[in-house]
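User: I would like to check the terms used for this model against their cut-offs. Please set each value beside its definition.

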Amino acid sequence: QLQAFGGGLVQPGGSLRLACTASGIFTINYMAWYRQAPGKQRELVALINSGGMTNYLDSVTGRFTISRDIAKNTMYLQMNSLKPEDTAVYYCQVMTTRGNDYWGQGTQVTVSS
């Protein structure tokens with residue numbers, strides 16, 4: 001199961017750190033963060049694969065950093081210089097090497113003054 005933590009309300013320019021713990025999930029191919037704002041489609045924010053390679057949505061490049069603690073089976077998303085347009089529900093996703101696809105419950109991030 002996946003469980004996401006760390007959402008909240010932050011002022012523009014602030015920072016938040018999201019965490020996603022994968023319990024009982026093994027042979028992970030990649031882990032990813034998605035987000036969905038009201039009235040918009042879900043979009044891929046950042047991805048990290050089993051080799052540690054990362055990929056980011058253009059609009060968050062340089063502001064967000066995805067990382068993974070293999071021993072804890074936990075993924076993080078450090079979000080700096082947050083903007084109002086980053087407001088969304090953030091979801092974590094895990095894809096295993098067998099093609100099993102897991103999703104977390106989502107955590108709300110609101111950037112507002």
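User: What makes the backbone oxygen of Ser59 and the side chain of Arg63 a polar contact?

Analyst: This is a predicted model, where local features need pLDDT of at least 70, side-chain atom pairs count only at pLDDT 80 or more, and totals for chains, interfaces and linings use all residues. Residues are numbered from 1 along each chain as its sequence is written, and side-chain values use heavy atoms, with hydrogens and water left out. A polar contact is a pair of N or O atoms within 3.5 Å; within protein, one must be able to donate a hydrogen and the other to accept it, and residues adjacent in sequence count only if both atoms are side-chain atoms. The backbone oxygen of Ser59 lies 2.9 Å from a polar atom of the Arg63 side chain.

User: Why is Arg63 called buried?

Analyst: Buried means under 20% relative accessible area, exposed means over 50%, and partly exposed is in between (1.4 Å probe, protein chains only). Arg63 has 9% relative accessibility, so it counts as buried.

User: Where does Arg63 lie, and which residues is it in contact with?

Analyst: Arg63 lies in the loop between strand S6 (54-56) and strand S7 (64-69). Strands are DSSP runs of E with at least two residues, helices are runs of H or I with at least four, and both are numbered from the N terminus. Contact means heavy atoms within 4.5 Å. Leaving aside neighbours within four places in sequence, Arg63 is in contact with Gln78, Met79, Asn80, Ser81, Leu82, Lys83 and Asp86.

User: Ser81 is on that list. Is Ser81 buried, exposed or partly exposed, and why?

Analyst: Ser81 has 40% relative accessibility, so it counts as partly exposed. Ser81 is found in the loop between S8 and strand S9 (88-96).

User: Why is Ser67 not called buried?

Analyst: Ser67 has 30% relative accessibility, so it counts as partly exposed. Ser67 lies in strand S7. Not counting residues up to four places away in sequence, Ser67 touches Ile48, Thr74, Met75 and Tyr76.

User: How do you know that Thr107 is buried, and what does its side chain meet?

Analyst: The relative accessible area of Thr107 is 11%, so Thr107 is buried. A polar atom of its side chain lies 3.1 Å from the backbone nitrogen of Gly7. Thr107 lies in strand S11 (residues 107-111). Beyond residues up to four places away in sequence, Thr107 touches residues including Phe5, Leu18, Val89 and Tyr90.

User: How many helices and strands are there, and why is the protein called as compact as a globular protein of its length?

Analyst: The protein has 0 helices and 11 strands. Its radius of gyration is 13 Å, close to the 13 Å that the globule rule gives for 113 residues, so the protein is as compact as a globular protein of that length. The radius is taken over C-alpha atoms, and the rule is 2.2 Å times the number of residues to the power 0.38.

User: What share of the residues counts as buried, and what share of contacts joins residues at least 24 apart?

Analyst: Of the 113 residues, 42% count as buried. Among contacts between residues at least 6 apart in sequence, 51% join residues at least 24 apart.
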